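Subject: Structure handover

Hi there,

Here is the structure I promised to pass on to you. My notes on what turned up in it follow below.

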Amino acid sequence: MSTSESTNTQGKNAIAVIGATGAQGGGLVRAILADPSRRFTARAITRDPRSERARDLARAGAEVVAADLDDTTGLERAFAGAYGAFCVTSFWDHFSPETEIRQAENMARAARAARVRHVVWSTLEDTRAWVPLDDDRMPTLSGRYKVPHYDGKGEADRVFRGFDVPTTFFRTSFYWDNFIHLGMGPRRGADGALAIALPIGTAKLPGIAAEDIGACALGVLARGPETIGRTVGVAGGHLSGAQMAAGLSAALGETVRFVDLDPAAYRALGFPGADDLGNMFQFKRDFERDYCAARDLEATRALHPGLQSFESWLERNAKRIPVT
């Protein structure tokens, strides 16, 4: 096993965290390290332990281990001796659901071989259970999917079940940080007014501060066997587009309008993944009740009492939101 210069944490309470330099995995590593109860130790798994983010985690007290999701043997070594594992894939690195499913199988196989006692698999709904491929309410993509970055993860749920790995199926929500990083923040129109545009109509969109996801995952791991076999969804708030615009207006000190796009218009924007995201937002809009019910706010707060609301997240982050 390749480790950083940090203290080795191969003890029985280690959590092996895939994607430790990303939003979800990094949040979990930081939550483990900040936990005053010291219930677990953090084993941060990354492809490049020499990266600055990995070195930051090592300096903070994590064990940093090199492993690749395409290398089952390396994953087995990375998981060896760990109590738990947080497993996540990154669709946007390759835009391939098939790759996600294959990597999920590698992680499940490694977790079984290492006898990991609790896996938290970061997954999402398989939207084809609501919108079959022959349903023309939204286009079928790549011949097999409605929302590829959801459906691949949802399909991979059966992989963890098939390997009989003790798994909690962990579903996240829209990152409010997307207003900072993905160009979803307010834009100034020809009339000089600011607006956010999303194809969700009047539906409420479950959202969460990205940094809270790791703390929620820690809450799941702390509950142990109670959550194994269950699906746990998390969110910090259920907000309509108009409510998000109002929150942004108050935080930025300038009126921000909400513009409801037609999903077809969003799919036609032309950036990589626009068709996938257009279908995703349409799914959340059309099946608002099911989607919100799967992400209960009180249950999320029970996992993480410090859960941020949209307003409290804006208090901390409004200055980071680019206005274009």
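Predicted model: local features only at pLDDT ≥ 70, side-chain atom pairs only at ≥ 80, totals over all residues.

The protein chain has a mean pLDDT of 95, and 97% of its residues reach 70 or more. The stretch to treat separately is residues 1-10, where pLDDT stays under 50. For those residues the model has 31 contacts beyond four places in sequence.

Back to H8 and its surroundings. There is an open sheet of 3 strands, ordered S8-S9-S13, and its pairing is mixed. Strand S8 (187-188) and strand S13 (256-260) sit at the edges, each pairing on one side only. Helix H8 (residues 241-252) packs on this sheet and touches S9 and S13, and its direction makes about 160° with that of S13. Within the sheet, S8 and strand S9 (residues 194-198) run antiparallel to each other and share 2 bridges. Arg187 has Ala195 in S9 as its bridge partner.

The length of H8 checks out too: with 12 residues at 1.5 Å a residue the helix should span 16 Å, and its end C-alpha atoms are 16 Å apart, so the two agree. Its buried residues are Gly241, Met244, Ala245, Gly247, Leu248 and Ser249. What covers them? The cover includes helix H6 (178-181), strand S10 (204-208), strand S12 (237-240) and helix H13 (310-317), along with S9 and S13.

Next, helix H10 (residues 274-286). This helix has 13 residues and reaches 18 Å from its first C-alpha to its last, close to the 18 Å expected at 1.5 Å a residue. H10 is mostly covered, with 10 of its 13 residues buried. Among them are Asp276, Asn279, Gln282 and Lys284, as well as Leu277, Met280, Phe281 and Phe283. The buried residues of H10 pack against helix H5 (148-162), strand S7 (174-175), helix H9 (263-267) and helix H11 (288-293), and also against S9 and S10.

Tyr266 and Phe271 form another edge-to-face pair, at 6.0 Å centre to centre and with 85° between the planes.

Is Asn106 buried or exposed? Its relative accessible area is 11%, under the 20% cut-off, so Asn106 counts as buried. Leaving aside neighbours within four places in sequence, Asn106 is in contact with Leu69, Asp70, Asp71, Thr72 and Leu75.

Over to you, and enjoy exploring!

Best wishes

Key. Residues numbered from 1 in each chain as written. Heavy atoms only, no water. pLDDT = per-residue confidence, 0-100. Contact = heavy atoms within 4.5 Å. Pairing = 2+ DSSP bridges. Helix = DSSP H or I, 4+ residues; strand = E, 2+ residues; numbered from the N terminus. Axes fitted to C-alpha atoms, helices over the stretch in contact; angles between N-to-C directions. Expected span 1.5 Å × (residues − 1). Buried < 20%, exposed > 50% of the residue type's maximum accessible area, 1.4 Å probe, protein only. Phe/Tyr/Trp six-rings, centres within 6.5 Å; stacked < 30°, edge-to-face > 60°.
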